[in-house]
Amino acid sequence: MRNWHGERIWYGADYNPEQWPEETWAEDVELMRRAGVNLVSVGIFSWALLEPAPGRFEFDWLDRSLDLLHDGGISVDLATATASPPPWLAHRHPETLPRRADGTVLWPGGRQAYCPSSPVFRERSLALVEAVAGRYADHPAVVMWHVSNELGCHNVHCYCDVSADAFRRWLRERYGDLDALNAAWGTAFWSQRYHDWAEVNPPRTAPTFANPTQQLDFLRFSSDEQRAQLRAERDLLTRLTTQPVTTNFMIGTGIKYLDYHSWAADVDVVANDHYLTAADPQPQVNLALAADHTRGVAGGGPWLLMEHSTSAVNWQPRNVAKTPGQLRRNSLAHVARGADGVLFFQWRASRAGAEKFHSALVPHAGPETKVFREVCRLGADLAALAEVRGSRVDADVAILFDYEAWWGAELDSHPSVDVTYADRLTALHGALWRAGVTADVVHPSADLSHYRLVLAPTLYLVRDADADALRRYVEAGGTALVTYFSGIVDEHDHIRLGGYPGAFRDLLGVRTEEFFPLRAGESVRLDDGTTADVWTEWLHTEGAEILASYADGPLPGVPALTRHAVGAGAAWYLGTRLDQPATDRLVARLLAEAGARPAATAPEGVEVVRRRSADRSWLFVINHTGAEARLAVTGAELLAGGWCDGELVVPAGEVAVVRETSGGAGDRALPSGPPDAGAPAVHRTTDAV
Ligand code: GLA
């Protein structure tokens, strides 16, 4: 892995100088310096300008832009510029255009209109990478390479004939022969047996439900095809250059079809893009989930926030602006959760094009604005936090996450459309967030041994090895919770027979003989007074103790929540969808049993996360509420400066980061700077607005 750490936390944005007259560029650099920006991603959508005709390259404008940035002390994350092909590619090679499942061609005019399996696209894009890398490998501004952009954002599934051929090759590689494919796809059903590879196709629009394993394999194939583009560009960059290589992932509950756990090893820097959902009244909780998941993908180490927004986006139905201070809270929450860089889309708000209503660091109204003042304040904050670079986030809890389980759980023709993968994931993670407990979101094959508690929400598809690993974790003294619709199928989406939840039946000491999903809007009561909806199941205990049963609904008296002592640990099973207060209470019980504690005791709505290095720890406190918060903390506060001696006061909407001396830092006595004559650790109010 190539080292990507600078002297400071990286701070910046996508920068698209080609959208502006050259007179603007000097002002851009001047404003970047004023804001404390030190890294910009350049050239992401520049292919059509860099290569106006096949094989004819024009780099003069990019030379001048990079030189100017370098003279201004701004480093560059240089794009390979392959994100969106120029119009000439489709004009000369219409076969490079992607097709939907119903055959609809996706034409140029937006972006990313290429078939991911197209050999023509691959060849032309690598020729561009070679030209760009060859020209700028030694440019002093370039500190990082940015492959493509959000690979698979718009073109992840292509059903054209070129893709069909590639899918067949991928299947031959996976199965070897047609007998194995027929067995895996269960083609004895509905007269689907294949006798010739040429008969096999992607799951194109069909009269009724397509074969589920065919669908699942097509999703795997499609993720692998995008990954292949990443790897091809990465290989070339590795050969021609010395700087670290990245690409921006889209880890979050909105992007389903790219298996980032399998991509992480292909990059030197795990980088992520995250945007708030404007309709979500508590978007900071979903932000935390995306950050915790990105850290899980990064193996627990630092990662880079490649894009988020200073305020509103343009692509949701109602694009809500960020309230004063929200930009800062969002950015520092990512840093708290392991980001060693904070970048945005984009530097200057566009005048033209589909994203002209997207916020930026420099808004249409210019720098005399709330947004630019907050951008400058954040630059100062990140400079003050330079010492946290490279530290890791404390997490006693793991949440298991598998893209294949997500894909499988949400295939069609299932017991209930109300069972969605993100639902229990967000419910359990949200309960931890409210409890002030940080979780790593990790693949089921990750090393679980150092976690006190492991949660497995909706792990519908699970491999034997991963189910065994969870059992060994519990036997060794761990506490685990598995929720309904987990362990149901193997990697071929074949039911694990003998009763649900198949792979976890023995571990949990339960056996379910039949699912009893509820009607829309229906709910049930449990005998502990809580309510639940969506799902119930006819469950028998086989060794587990019953903690709660249904009081009404289709299965009165049947267990809904159980606990099974196994080895030195315990495995809990939840067979229904508890409401939020009951989910919070369940998580509190699990935390108590497992001995997992919050980063600090904080009022409701105040986010607390701890980062730790070999000899120091830092407590991040993000006050999302409208009231002042007081916490018992001792140490040096880094953002406003000052010493807090036993009590930290964080005004409404503000953020504090304390280099701790003891207490929350655990058993280790940590060195600290001398207390600075009792300066109060009270923070600036939001002077940015
Ligand atoms: C993505 C893309 C950017 C831009 C933003 C807008 O993250 O990578 O190019 O389109 O969305 O939010």
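A polar contact here is a pair of N or O atoms within 3.5 Å; inside the protein, one atom must be able to donate a hydrogen and the other to accept it, and residues adjacent in sequence count only if both atoms are side-chain atoms. With that in hand, hello everyone, and let's start at the ligand.

His 358 places a polar side-chain atom 2.7 Å from an oxygen atom of the ligand. Glu 307 has a polar side-chain atom 2.2 Å from a ligand oxygen, and for Glu 355 a side-chain N or O atom lies 2.2 Å from an oxygen of the ligand. The protein covers 97% of the 310 Å² of accessible area that the ligand has on its own (Shrake-Rupley method, 1.4 Å probe).

A word on the source: this is a predicted model, where local features need pLDDT of at least 70 and side-chain atom pairs count only at pLDDT 80 or more, while totals for chains, interfaces and linings use all residues. Residues are numbered from 1 along each chain as its sequence is written, and side-chain values use heavy atoms, with hydrogens and water left out.

Finally, the domains, whose bounds come from an automatic or database assignment. Domain 1 spans 10–157 + 225–388, domain 2 is 397–594 and domain 3 is 606–668. Taken over C-alpha atoms, the centres of domain 2 and domain 3 are 34 Å apart. Thanks, everyone!
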